[in-house]
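My entries follow the order in which I looked.

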Amino acid sequence: MQFIDLGAQRERIRDRLRVAIDRVVDEGRYILGPQVTEFENKLAAYVGTKHVVACANGTDALLLPLFAAGIGPGDAVFVPSFTFAATAEVVALAKAEPVFVDVDPATYNIDIASLEAAIAMIKKEGRLKPKAIIPVDLFGLAADYDAIMAIADREGLLVIEDAAQSMGGSLGDKMCGAFGHVGSTSFYPAKPLGCYGDGGAMFTNDDALADKLRSFAFHGKGETQYDNIRVGINSRLDTLQAAILIEKLAILEDEMVARQAVAKRYAEGLGDIITAARNLDGSRSAWAQYAIETPKRDGLRAHLSEKGIPSVIYYVKPLHDQIAYRDYPRTPTGLAVSEDLPKRILCLPMHPYLSEADQDRIIETIRNYIGSNSAQAAAE
């Protein structure tokens, strides 16, 4: 049993991938070949934004909007503490300071009250200037963008949607990636839309911002690559990866339907004995991960391993407790949820090709373990 089964997906589109890859190799346009623009246009149509700017990886997709907005020393960017390091890392790389905010216990996304408290604290202290918010659509579920954008409009803040885990997800009539002033995503192989290496993209409806993002991603170029009007970086999506992503995008919506079925089966099979993730009203998670919570997490994980069932802890430590980030500011109301989740959370196998038989085995194994432990505790 695979935690994420990329092999099954590869078999499904193997012939199409071979044709696409051979075409790139035969044409020899490995950098900025026509497939890059084709992929950008197709992804923009899928997500519903005017522009998609492809880049080398998901981290650059978060960093480049900070460069384009001129965010740097003396600036504060508000980020959740319960997420992967890249969300805060890019802020530090831009020479600004990440300000850590707690997450909501039901969604794992940025907590609005905690965000409000953090902004008020930074304004009162006066050392840093509030500049941006980077909400994360954790595990594929869109953050509360109605509330976030209301705060951003009031405070004059840039919103960069971290949609690294949420391609294919939606909230209301909008696809993930289309929220905020600019969206960013990753095509790391294990993502819902992943390539066979590194890749990333940015989404925006702002023509001027799109031009800036392309410039910063290509050595700060102006009219040509030899006309440098900014100090930029080298961040381009390889043509081979774009060709692969075109074929994967073609089946993404079908895979999203399959992911919903897997998540629903987990929720129905486990929701009465543990905390099991569900879609919220009006939302469709991309289900990059499927999370459960139980105080018996460590014992359960060992039991699953004994039965040949893989599981992963996302994340073992919140960012504000990491050595690299522990000296940065944090919300004054504390980070209790971010600190508690690493003790309770466990992610189960999740992918569109997970068979019902395998899923039933996972559910039965968990139910048997939780049930037997509950009975033992009652007897004691």
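The entries below go from conventions to voids, then to strands, then to single residues.

**Conventions.** I am working on a predicted model, where local features need pLDDT of at least 70, side-chain atom pairs count only at pLDDT 80 or more, and totals for chains, interfaces and linings use all residues. I number residues from 1 along each chain as its sequence is written, and side-chain values use heavy atoms, with hydrogens and water left out.

Grid points are joined across faces, edges and corners, and a volume is the space filled by probe spheres set on the points. I found one cavity of 30 Å³ or more. The largest cavity has a volume of about 90 Å³. It is lined by 15 residues, and Ile4, Leu6, Gln9, Arg259 and Pro352 are the closest to its centre. Lining residues have an atom within 4 Å of a point. I checked which helices contribute: α1 (6-12) and α10 (252-270) each supply at least two residues of this lining. Helices (H or I, at least four residues) and strands (E, at least two) are DSSP runs, numbered from the N terminus. By class, I get seven nonpolar, three polar and five charged residues in the cavity lining. Here Ala, Val, Leu, Ile, Met, Phe, Trp, Tyr, Cys and Pro count as nonpolar, Asp, Glu, Lys and Arg as charged, and the others, Gly among them, as polar.

**Pocket.** A pocket is an open set with protein on both sides within 12 Å along at least five of seven lines. The largest pocket comes to about 500 Å³. I list 23 lining residues, with Phe84, Ala164, Ser186, Tyr188 and Lys191 nearest the centre. Two or more residues of the lining come from each of α4 (58-68), α5 (86-93) and β8 (182-186). The pocket lining divides into ten nonpolar, ten polar and three charged residues.

**Sheet.** I traced an open, antiparallel sheet of three strands in the order β10-β12-β13. Strands pair if DSSP finds at least two bridges between them. β10 (275-276) and β13 (345-348) are the edge strands, each pairing on one side only. Four bridges join β12 (residues 290-293) to β13. Next I looked at the helices across β10, β12 and β13. α10 lies across them at about 15° to β12. α12 (residues 336-344) also lies across them, at about 55° to β13. Axes are lines fitted to C-alpha atoms, for helices over the stretch in contact (heavy atoms within 4.5 Å). Angles run from 0 to 180 degrees between N-to-C directions.

**Glu40.** Is Glu40 buried or exposed? Glu40 has a relative accessible area of 7%, so I log it as buried. The cut-offs are under 20% for buried, over 50% for exposed and partly exposed in between (1.4 Å probe, protein chains only). Glu40 sits in α3 (residues 34-47). Beyond four places in sequence, Glu40 touches Val52, Val53, Ala54 and Arg214.

**β1.** Four of the five residues of β1 (residues 51-55) are buried, so this strand is largely enclosed by the rest of the structure. Five bridges join β1 to β9 (residues 200-204), and the two run antiparallel. Val52 has Phe203 as its bridge partner in β9.

**Asn234.** I place Asn234 in the loop between α8 (207-217) and α9 (239-250). Asn234 is partly exposed, at 44% relative accessible area. Beyond four places in sequence, Asn234 is in contact with Ala217 and His219.

Terms used
1 Å grid on protein atoms, 1.4 Å probe; cavity = no way out; pocket = protein on both sides within 12 Å on 5 of 7 lines; lining within 4 Å.
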